[in-house]
Amino acid sequence: MEKEKLFKLLEKIESGSATTEELAQYNQLYMHFQKAEDWDTLTMGEKQKIEKEMYTSISEAIEVPSKQKKSYSLFNYAAAAVLLITVSIGFYFYKLNPAVVTKKQDSKAVHIHDRPPGGNKATLTLNNGTKISLTDASNGDLVKRSGISITKAADGQLVYKVLGPAKNQANAAMEYNSISTPNGGQYQILLSDGSKVWLNDASSLKFPTVFTGEMRNVELSGEAYFEVSKNEKMPFTVNAKGTSVLVLGTHFNIMAYPDEKAVRTTLLEGAVKLVHADDEAFLKPGEQGTIKEKGGGFKVREADIAAVMAWKNGYFLLDNASLPQLMRQISRWYDVDVVYASGNLKDHEFVGEVSRKYSLMKILKILELSGLTFKLEGRTLTVK
């Protein structure tokens, strides 16, 4: 009976004729069937097929030309969002308490202008202080000096290569370079030892042009994903915000932004040792180690790998993310300053995934489904 009632309500929602009370009833029934084991494929349909249909519905709603949008009511957006929530999986959806969706009649975001998504943007600083804009530099060799060639590859990757025998480098004076990405920038680096680093927005990495001695030490501010080349004789260490990550050869992500309250290290492959002052912890694949600025030691838990790696794979993937967490990501990627009209807004939580290739306005249209409104003036984004 409950499933039958759910589908009758769903038909009304899809047609746009559901009342506020019926939306509330639908929300209650949805919460009852949201667990995967409650899904009845025979009577409720194939999840993947419905997911695709709902993705198309919301995409079409968002892409309606401006002249047609006036006749496409906000309720239709809400209905599309509700349909998407029904399958408990999918592309864009949100969670609100106590109701999953609400019916709104007021106007939405004030769109003064748009801001494009970020891309491959970075600045390389050489040991002598020379700065090279990788955003503007042509592909090909950038620098050849001190037994090292630095090349900007066609795919945007920065490549370090040792010239000549390694023994000639052992006695050379160690030189450090640094690469930094701005808000709205990201970049990939191939270090001279063969290790690969993907640098997220508003981040920087300081590293030696050639690794010599007993350790391979680099310094990180912000966020980066590492695929470290294995060398048992020369362990690799990342120093980030007071935390050291020691590895031999492994894949891991470190998030250590100045405006975040914790340093999070997530291990995908291999093994790492975390050290912070007198505290230490060991991670196994699939685990995340977190230590907060205020102390308290490391906390190790099972990681949501998809959420951690979303930025590298081109998405904002939100796992019950709070509004401040989401807006910090948006602030860095679209280079905007976020302000809140009310402190109560920070209680919102979001679930789902959104492409980082979208412009800011398209992202905001999706977030508006949660009942939020936005005002963009210059680089200031106000959340209401």
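On this tour, helices (H or I, at least four residues) and strands (E, at least two) are DSSP runs, numbered from the N terminus. The model is predicted, so to speak of local features we need pLDDT of at least 70, and side-chain atom pairs count only at pLDDT 80 or more, while totals for chains, interfaces and linings use all residues. Residues are numbered from 1 along each chain as its sequence is written, and side-chain values use heavy atoms, with hydrogens and water left out.

Start by selecting Glu-293, in the loop between β20 (287–292) and β21 (299–302). Buried means under 20% relative accessible area, exposed over 50%, and partly exposed in between (1.4 Å probe, protein chains only). Glu-293 has 56% relative accessibility, so it counts as exposed.

Next stop: aromatic rings. Rings of Phe, Tyr and Trp (its six-membered ring) pair if their centres lie within 6.5 Å; planes under 30 degrees apart count as stacked, over 60 as edge-to-face and the rest as tilted. The structure holds six such pairs. Pick Trp-198 and Tyr-225: their ring centres are 5.3 Å apart and their planes sit at 45°, so this pair is tilted. Trp-198 belongs to strand β11 (residues 196–199) and Tyr-225 to strand β13 (residues 216–227), 27 residues apart. Both Trp-198 and Tyr-225 are buried.

Finally, select Phe-211, Phe-226, Phe-236 and Phe-252, which ring pairs link into a cluster.
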